[in-house]
Amino acid sequence: MNESFQLPVARHPLLFTPGPLTTSLSVKTAMLRDAGSWHFDFNRLVADVRDRLLKLAGVSRDSGWEVVPLQGSGTFGVEAVFQTCVPPTGKVVILSNGAYGERMAQILHHARISHSVIRSPENQPNAPAQLADLLDSDASVTHVACVHCETTTGILNPIESLGEVAKRRGKVFVVDAMSSFGGMPIDFESCGIDFLIASSNKCIEGVPGFSLVYARRQLLLASEGWARSLSLDLLGQLKGFENNGQFRYTPPTHSILAFDQALRELEAEGGVSARAERYRRSHSLIIAGMEDLGFRPYLETSLRSHIITSFHQPEDPKFEFMEFYRRVADLGFILYPGKISQCNTFRIGNIGRLFESDIRALVRAIAEVLEEMQVGLPLVR
Ligand SMILES: *Cc1c(COP(=O)(O)O)cnc(C)c1O
């Protein structure tokens, strides 16, 4: 047997990453059984999970909403929206200030869907005025898409203002809320959202296995015949659920069992606003602890989300990220490398089953490793 399998659960490292993330023991143990994809018990559970997801988002079938789980990671859900819901002559504007905005552009490139990209620097939010200018000068645009919390840096983009610009001009508004949904309240109607994509393994604190696509039913039904992909056909997936209650192809059975439990735990915690409060506290503790050690956050305060935080790497030549990462991991904490193009950073996520004592233990471990590595940091306060 692989050695790591014999570690007691308590010694498994904590993930300070934006997903997959640390899940509760009860979420993990919910997977210790097998479920038949045809069996009515499992399909009743899938229907129940979909109902609870609509409630969680504050939307309903009566007001025209649907939620469609789709096998695969979050990217599959984003790709499914574009592959299914952009008409053959449609054109998408992407707002990008990081890797996930760029990924949407890549998806459109692969699908040969006409698009243009409004880029802003990674430390600046998407600009609604730039979107307005582009939409006013290009009438062929049908869809606008952006990333709510750009996980590359942790920056929050102004979805409410972007949505207003898009809706005022009659465009379909698509939001990748992968790393924020469930960990921050999002008002679908006041943001003018038409499609929102989330994932099983981020702020809902389940395990990987599927994405969640919230969609206005009328827009989904209107896309009949447009799907450029069979397995990523969102309308086909919805029809599957409505015809026989099933995922069209092999469902991620164990992830669904875990997700059902994760949803219960989100409800028990007090819902999205209570979870947001825990994340906000964890985020503040990370900033305070890291600043005490002399680290500098990459983003200015007003732009930061409470999901994940980027820090500049110390300038001391004795600091080498992989060495730092390995030593912190040996103490039981998994950090996340940076993804920013212009400077060296690393990231600390705080979503997942992490509490104040875990954050304090992480900061202590980082302090210990810096001392071992003899890295000097200028104190910022
Ligand atoms: C995690 C994430 C995704 C999806 O990534 P996968 O690796 O496919 O799960 C997409 N957008 C954002 C903003 C994310 O944080």
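The accessible surface of the protein chain, calculated by the Shrake-Rupley method with a 1.4 Å probe, comes to about 16300 Å², and 52% of this area belongs to carbon and sulfur atoms. The structure is a predicted model, in which local features need pLDDT of at least 70 and side-chain atom pairs count only at pLDDT 80 or more, while totals for chains, interfaces and linings use all residues. Residues are numbered from 1 along each chain as its sequence is written, and side-chain values use heavy atoms, with hydrogens and water left out.

Of the 381 residues in the protein chain, 56% are buried, where buried means under 20% relative accessible area, exposed means over 50%, and partly exposed lies in between (1.4 Å probe, protein chains only). The protein chain contains 12 helices and 14 strands, these being DSSP runs numbered from the N terminus, with helices (H or I) of at least four residues and strands (E) of at least two. The radius of gyration is 21 Å, close to the 21 Å that the globule rule gives for 381 residues, so the protein chain is as compact as a globular protein of that length; the radius is taken over C-alpha atoms, and the rule is 2.2 Å times the number of residues to the power 0.38. Along its principal axes, the C-alpha trace spans about 60 × 55 × 35 Å.

Among the contacts (heavy atoms within 4.5 Å) that have a separation of 6 or more, 72% are accounted for by residues 24 or more positions apart. The side chains include 38 positive and 42 negative ones, and the centres of the two sets lie 3 Å apart. In this count, Lys and Arg are positive and Asp and Glu negative, whereas His and the chain ends are not counted; the place of a charge is taken as NZ of Lys, CZ of Arg, CG of Asp or CD of Glu.

An open sheet is formed by three strands in the order S11-S14-S13, with antiparallel pairing, two strands being paired if DSSP finds at least two bridges between them. Strands S11 (308-312) and S13 (336-337) stand at the edges, each with a single partner strand, so one side of each is left without a neighbour in the sheet. S11 is joined to S14 by five bridges, and His 312 has Thr 345 of S14 as its bridge partner. S13 and S14 (residues 345-349) are paired over two bridges, and here Pro 337 has Phe 346 of S14 as its partner. Five of the five residues of S11 are buried, so this strand is largely enclosed by the rest of the structure. Ile 308, Ser 310 and His 312 point one way from S11, whereas Thr 309 and Phe 311 point the other way.

Gln 246, in the loop between helix H8 (234-244) and helix H9 (253-269), counts as buried at 10% relative accessibility. Apart from its neighbours within four places in sequence, Gln 246 is in contact with Ser 37, Trp 38, Asn 43, Gly 240 and Phe 241. Ser 73, in the loop between strand S2 (65-71) and helix H3 (74-85), counts as partly exposed at 35% relative accessibility. Between Ser 73 and Met 373, which are 300 residues apart along the chain, the C-alpha atoms are separated by 37 Å. Glu 79 lies in helix H3 and touches Ile 107 and Leu 232, not counting residues up to four places away in sequence.
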